[in-house]
Amino acid sequence: MKRTKRFAALLLILSLFGALLAGCGDEPDLTVFIMPKEYFNPDAAQKIEDKVQAGFGETKSIAVNASPMYNAQKLVVEIAAAGNGIIVMPKDALQMMIDQGPAVQLDDTFKAEDYQEGVMESMVESENGELTKVKGLFAIPVEKIPAFKAAGYEEKDIVAIIPVNAPDQELSKQVMKELMKP
């Protein structure tokens, strides 16, 4: 009788462990994290996610997560966590940390003259590992991103960046391009 109970308990533990592992496959290929200055409507996040996901179909899964209101500590944690492909944040918060090189330079993806508000000087690591200050396009103003306009989010002085520690910078650029489509 004791053996049967142990065997049943072992089966239960193994099945729970299997269920946990099965849940691990639900991670999106890319996450967009939004930290507003004032308030962000969760319905807008869903509209943005639906628009981007439609552009990728079944090939990639994209998630849009948003904080309902600004929290500086949460923003720092989200940047440091290295789990987001795109971060939408207040421009003044980015300007406070731009010397630390938090964003990928976007001049190879977008025309800097179209997004002058996102042109800044930032530290960039060269191929030989040296840090140098570079002036370039590091952020896209949200008010110029059609997917955000269509979702009803047009807060001023908010920018979208690709963090330097993004899990997949090329996919992040593709998603940023998708956000720019009308």
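**A walk around helix H2**

Let's start with the buried residues of H2: Ala 44, Ala 45, Ile 48, Val 52 and Phe 56. Here buried means under 20% relative accessible area, exposed means over 50%, and partly exposed is in between (1.4 Å probe, protein chains only). An α-helix has 3.6 residues a turn, so residues three or four places apart point the same way.

A word on the ground rules: this is a predicted model, where local features need pLDDT of at least 70 and side-chain atom pairs count only at pLDDT 80 or more, while totals for chains, interfaces and linings use all residues. Residues are numbered from 1 along each chain as its sequence is written, and side-chain values use heavy atoms, with hydrogens and water left out. Helices (H or I, at least four residues) and strands (E, at least two) are DSSP runs, numbered from the N terminus.

What do the buried residues of H2 pack against? Their partners are strand E1 (30-34), strand E2 (62-66), helix H5 (146-150) and helix H6 (169-179), with contact meaning heavy atoms within 4.5 Å. On the other side of H2, Pro 42, Asp 43 and Ala 54 are exposed.

Now look along H2. At 1.5 Å a residue, its 15 residues (42-56) should span 21 Å, and the end C-alpha atoms are 21 Å apart, which agrees; the expected span is 1.5 Å times one less than the number of residues. At the start of H2, a side-chain oxygen of Asn 41 comes to within 2.8 Å of the backbone nitrogen of Asp 43. After H2 comes Gly 57, with a positive phi near 60 degrees.

Positive phi also turns up in residues other than glycine. Ala 82 has phi near 60 degrees and sits in the loop between helix H3 (72-80) and strand E3 (86-90). Ala 82 counts as partly exposed because its relative accessibility is 30%. Asp 157, in the loop between H5 and strand E7 (158-161), has phi near 60 degrees too. At 44% relative accessibility, Asp 157 is likewise partly exposed.

Finally, the largest pocket has a volume of about 220 Å³. Its lining includes Gln 100, Met 123, Phe 138 and Gln 169. Strand E4 (residues 119-125) gives the largest share of that lining, three residues. On a 1 Å grid over the protein atoms alone, a pocket is an open set of points where a 1.4 Å probe fits, with protein on both sides within 12 Å along at least five of seven lines; lining residues have an atom within 4 Å of a point.

Conventions
A polar contact is a pair of N or O atoms within 3.5 Å; within protein, one must be able to donate a hydrogen and the other to accept it, and residues adjacent in sequence count only if both atoms are side-chain atoms. Grid points are joined across faces, edges and corners, and a volume is the space filled by probe spheres set on the points.
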